[in-house]
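User: Hi! I'm new to this one and would like a friendly tour of its side-chain contacts. Could you walk me through them?

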Amino acid sequence: MSPRKAAALRDGGRSLREHLIATAERLMAERGAAGLTVRAIAREAGVADGVLYNHFADKEELLACALRARVRAVESGLGDLPEPGAGTVEAGLRAFVAYGMALHAGILPVLAGLAGQPAVLARFAGGPVPGLDWRDRLLAYLKAERDLGRLAPDARVEAAARMIVGVCHEPVMSAMASVPPPDPPAPAPPAPVRGTAGPDDAGLDDLVAAVLHGLGRR
């Protein structure tokens, strides 16, 4: 084992594969994903360039793993989601929508930087995709509120969940459909979600009102 590799393994007790993923994720957050090279990742990780290919099939696999790690890192700063029956349904929906928007806004700069690398995005989509927990919990929340009698018994909660997810996905899909400019500076970590909208949350009131109307809030 080389001294450089040994130094990398001492970083928090992680395996070398985990260290390389964490290094690539940090570079994505700090510098953007466009133009991120194997050499830059290896130098930052403190290993020789060829070491990466001992742990990943290619650069695309490493970047896909790093992208998943970036999504999880964004999620970790978003705070807790509400439990069914707590507060009002309106406040609960606000929290879920705000969480989803903050999640997608947090990963948008990195996704935009990878728009020209479809192989990376295909690898990302082909594995476990972070963010599914938010979507699953949103649907579970709506079903639980319906079971508690706080929504109409025939409320179409699946359709409402799809609507909310679509609204939160729209900025990402729009960015991916166009040729991106160079990566912007990494945004500051989003503030924890508290269940209320900030003054610049344009359209949030209308969205929540439309969803509640369709669900037959009681």
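Analyst: Happy to! This is a predicted model, and the structure holds 10 salt bridges.

User: How far apart are the closest N and O atoms of Glu 61 and Arg 17?

Analyst: Those atoms are 3.7 Å apart, and Glu 61 forms a salt bridge with Arg 17.

User: And which helices do they sit in?

Analyst: Glu 61 lies in helix α4 (residues 59-76) and Arg 17 in helix α2 (residues 16-31), so the pair ties together parts that are 44 residues apart in sequence.

User: Is Glu 61 buried, exposed or partly exposed, and what about Arg 17?

Analyst: Glu 61 is partly exposed, with a relative accessible area of 22%. Arg 17 is partly exposed too, at 30%.

User: Okay, what does Arg 31 form a salt bridge with?

Analyst: Its partner is Glu 44, and the closest N and O atoms of Arg 31 and Glu 44 are 3.4 Å apart. Glu 44 has a relative accessible area of 34%, which makes it partly exposed.

User: Which residues are linked in a network of salt bridges?

Analyst: The network links Arg 26, Glu 30, Arg 31 and Glu 44.

User: Nice. Now, which residue does Asp 58 form a salt bridge with?

Analyst: Asp 58 forms a salt bridge with Arg 123, with 2.8 Å between the closest N and O atoms. This pair links distant parts of the chain, 65 residues apart: Asp 58 is in the loop between α3 and α4, while Arg 123 is in helix α6 (residues 118-126).

User: How accessible are Asp 58 and Arg 123?

Analyst: Asp 58 is partly exposed, with a relative accessible area of 21%. Arg 123 also counts as partly exposed, at 35% relative accessibility.

User: Switching topic: how many aromatic pairs does the structure hold?

Analyst: There is one aromatic pair. Phe 96 and Tyr 141 form it, with 5.0 Å centre to centre and 40° between the planes, and the pair is tilted.

User: Last one: are Phe 96 and Tyr 141 buried or exposed?

Analyst: Phe 96 and Tyr 141 are both buried.

How values were computed: Residues numbered from 1 in each chain as written. Predicted model: local features only at pLDDT ≥ 70, side-chain atom pairs only at ≥ 80, totals over all residues. Heavy atoms only, no water. Salt bridge = Lys/Arg side-chain N within 4 Å of Asp/Glu carboxyl O. Helix = DSSP H or I, 4+ residues; strand = E, 2+ residues; numbered from the N terminus. Buried < 20%, exposed > 50% of the residue type's maximum accessible area, 1.4 Å probe, protein only. Phe/Tyr/Trp six-rings, centres within 6.5 Å; stacked < 30°, edge-to-face > 60°.
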